[in-house]
Amino acid sequence: MNDVSFRVERGEIAGFLGPNGAGKTTTLRMLTGYLAPTSGEVHVDGIDAVRSSIEARARLGYMPEGVPLYREMRVFEYLRHRAALKAVDRIAEAVDRSLELAGVTDARRRIIGQLSKGYRQRVGLAESLLADPPILILDEPTSGLDPNQVRQFRQLVRSFAGTKTVLLSTHILSEVEAVCDRVIIIREGQKVADLAPGDSDTSLEDVFADLTASRPSGDAS
Amino acid sequence: MRSAWVVMRRELGSFFVSPLAYVVLTSWLVWNGVVFWVLTEFYARNAVASGASSPLSAFFGGSSLFFIPLLVFVPVLTMRLLAGERQSGTIEPLMTAPISEAAIIVGKYGAAIAMWCVLWLPTVIYAWIMSQHGTVDWGATIASYFGIFMLGAYFMAIGLLMSALAPTQIIAAVLSFVALGVLFTVGIGEFVFDGTAREFCAYVSMWGHMQSFSKGVVDTRYLAFDLSVATLAVGLSIGVLKARRHG
């Protein structure tokens, strides 16, 4: 990773784009404190996330790539456990509210290991909403969802506009166009663009291809 | 430390819904039941045949049958603690929750100690059986359990450290097995060497440790050893988690 500087304003929904292996997940892991950057700074809601990692993490809802969950637990048990870890005040209420928001209330008593990928994905989303955090960081949140679930998810994320800051990584361009106010594109660990999807005359697809398509080596241009 | 308690509760909950828990507990009890039976049988035939004064003190400290299974059961119990989380990827939500590395490790260690106690709890019935058919030195029995607790304190800490270091559960189990095996083997040096080497080996010896406790002697040198190893291993585990954030 090298020179990826960006700032997401409060209430903004930002898309984080890049080809596979560009360093999207690594960047998000640095933001959430899972990995420490070797140099540079990370600020979360004005807090230095390298020095005061725990305070910064308390303000984040994070849905990691692949949504790792404890498979042997029931959905509500898992959410209760996570709410307790996050020192949420009214655990029962918080669990009900995030189950409702993520649309998994009907699966609350089911064992996570027996759920379909789409359901597990939404359990991960519910988990990230537990503490009602001001900032949400979602790593490929719609992979594994069917088209209806994708639509529900987009509506949910849109409903956060203005109240929560959302940073979502994806490589689905239509998703970015549908939900994001802003797009940050990285390539090979470097930021190559920071724009609003409606900004340019060309489509996002062209912009993306232009910026990230791998050029054959030895190309002199 | 409230978050350590939350981590510990989940760890124990997951352990006791896994088939592994019941396989371990059952085979452990079968093994110990056979050992206890063999020892009792032996003492019934040959009064005061060995150094140990009763089947109970032989059970807790006189026989190698006590240690061999521990070298296997401890790694099996501790391998999941952190290596399991790393393998399933759940380490990521755990490490990005707003809790300290120390809270994670203390919670995991607490869970391991609780598992250790659950492993030993049913053996109290052996003391009760003995008390029905003879006399039991309760002082020595309590000292034995205290010794077992202290032994567990450092065994589990070593298992935890190996689980923090290893990328997979199997590797964690093998590393703990090797570490405990080395400690056990060094202890045997007590019967091989002379002079300072003998002193050193006797100090490390699990055997010497339990023999002393099973006679009702609470030797503070052994306690110092147990506590130092446990503290060191737990401290190092916290360090390993912190270091992992740096790649």
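The paragraphs that follow describe a predicted model.

A pair of aromatic rings is described by the distance of the centres and the angle of the planes. Over all chains, a search of the whole structure finds 18 aromatic pairs. In one of them, the ring centres of Phe59(B) and Phe60(B) are 5.1 Å apart and the planes stand at 70°, so this pair is edge-to-face. Phe59(B) and Phe60(B) are both buried. Phe59(B) also forms an edge-to-face pair with Tyr126(B), with 5.4 Å from centre to centre and 85° between the planes. This second pair links distant parts of the chain, 67 residues apart: Phe59(B) belongs to helix H3 (residues 55-62) of chain B, and Tyr126(B) to helix H8 (residues 124-133) of chain B. Both Phe59(B) and Tyr126(B) are buried. Elsewhere in chain B, one aromatic cluster is formed by Trp28(B), Phe73(B), Trp116(B), Trp120(B), Tyr154(B), Phe155(B), Tyr203(B) and Phe225(B).

Chain A has rings with a charge over them. Arg122(A) lies over the face of Tyr119(A), 4.6 Å from the ring centre. The charged end of Lys164(A) sits over the ring of Phe160(A), at 5.8 Å from its centre.

In soluble globular proteins, nonpolar side chains tend to be buried together. Here the largest nonpolar core has 126 residues, and Trp120(B) and Tyr154(B) have the most contacts inside it. Helix H9 (residues 138-165) of chain B gives the most to this core, with 13 residues. Apart from this core lies another of 17 residues, among them Phe16(A), Ile47(A), Leu167(A) and Ile184(A). Returning to Tyr154(B), its contacts beyond four places in sequence are Leu183(B), Val204(B), Met206(B), Phe225(B), Asp226(B), Val229(B) and Ala230(B).

At 1.5 Å a residue, the 20 residues of helix H10 (residues 169-188) of chain B should span 28 Å, and the end C-alpha atoms are 29 Å apart, which agrees.

Helix H6 of chain B holds Thr96(B). At 11% relative accessibility, Thr96(B) counts as buried. Which residues does Thr96(B) touch, not counting those up to four places away in sequence? They are Thr32(A), Tyr34(A), Arg57(A) and Tyr62(A).

Tyr62(A) leads on to Pro133(A): these two are 71 residues apart along the chain, and their C-alpha atoms are separated by 9.5 Å. Pro133(A) is placed in the loop between helix H5 (117-129) and strand E5 (135-139) of chain A. With a relative accessibility of 1%, Pro133(A) counts as buried. Not counting residues up to four places away in sequence, Pro133(A) touches Arg59(A), Leu60(A), Gly61(A), Ser128(A) and Lys164(A).

In strand E6 (residues 165-170) of chain A is Ser169(A). Its relative accessibility is 0%, so Ser169(A) counts as buried. Beyond its neighbours within four places in sequence, Ser169(A) is in contact with Phe16(A), Lys24(A), Leu28(A), Leu138(A), Asp139(A), Glu140(A) and Pro141(A).

Last, Tyr109(B) is found in helix H7 of chain B. At 16% relative accessibility, Tyr109(B) counts as buried. Leaving aside neighbours within four places in sequence, Tyr109(B) is in contact with Ala153(B), Met156(B), Ala157(B), Leu160(B), Ala230(B) and Val234(B).

Definitions and conventions. Residues are numbered from 1 along each chain as its sequence is written. Chains are lettered from A and ligands numbered from 1 in the order in which they are written. This is a predicted model: local features need pLDDT of at least 70, side-chain atom pairs count only at pLDDT 80 or more; totals for chains, interfaces and linings use all residues. Side-chain values use heavy atoms; hydrogens and water are left out. Rings of Phe, Tyr and Trp (its six-membered ring) pair if their centres lie within 6.5 Å; planes under 30 degrees apart count as stacked, over 60 as edge-to-face and the rest as tilted. Buried means under 20% relative accessible area, exposed over 50%, partly exposed in between (1.4 Å probe, protein chains only). Helices (H or I, at least four residues) and strands (E, at least two) are DSSP runs, numbered from the N terminus. A charge sits over a ring if NZ of Lys or CZ of Arg is within 6 Å of the ring centre and within 35 degrees of the ring normal. A nonpolar core is a set of buried Ala, Val, Leu, Ile, Met, Phe, Trp, Tyr and Cys residues joined through side-chain atoms within 4.5 Å. Contact means heavy atoms within 4.5 Å. The expected span of a helix is 1.5 Å times one less than its number of residues.
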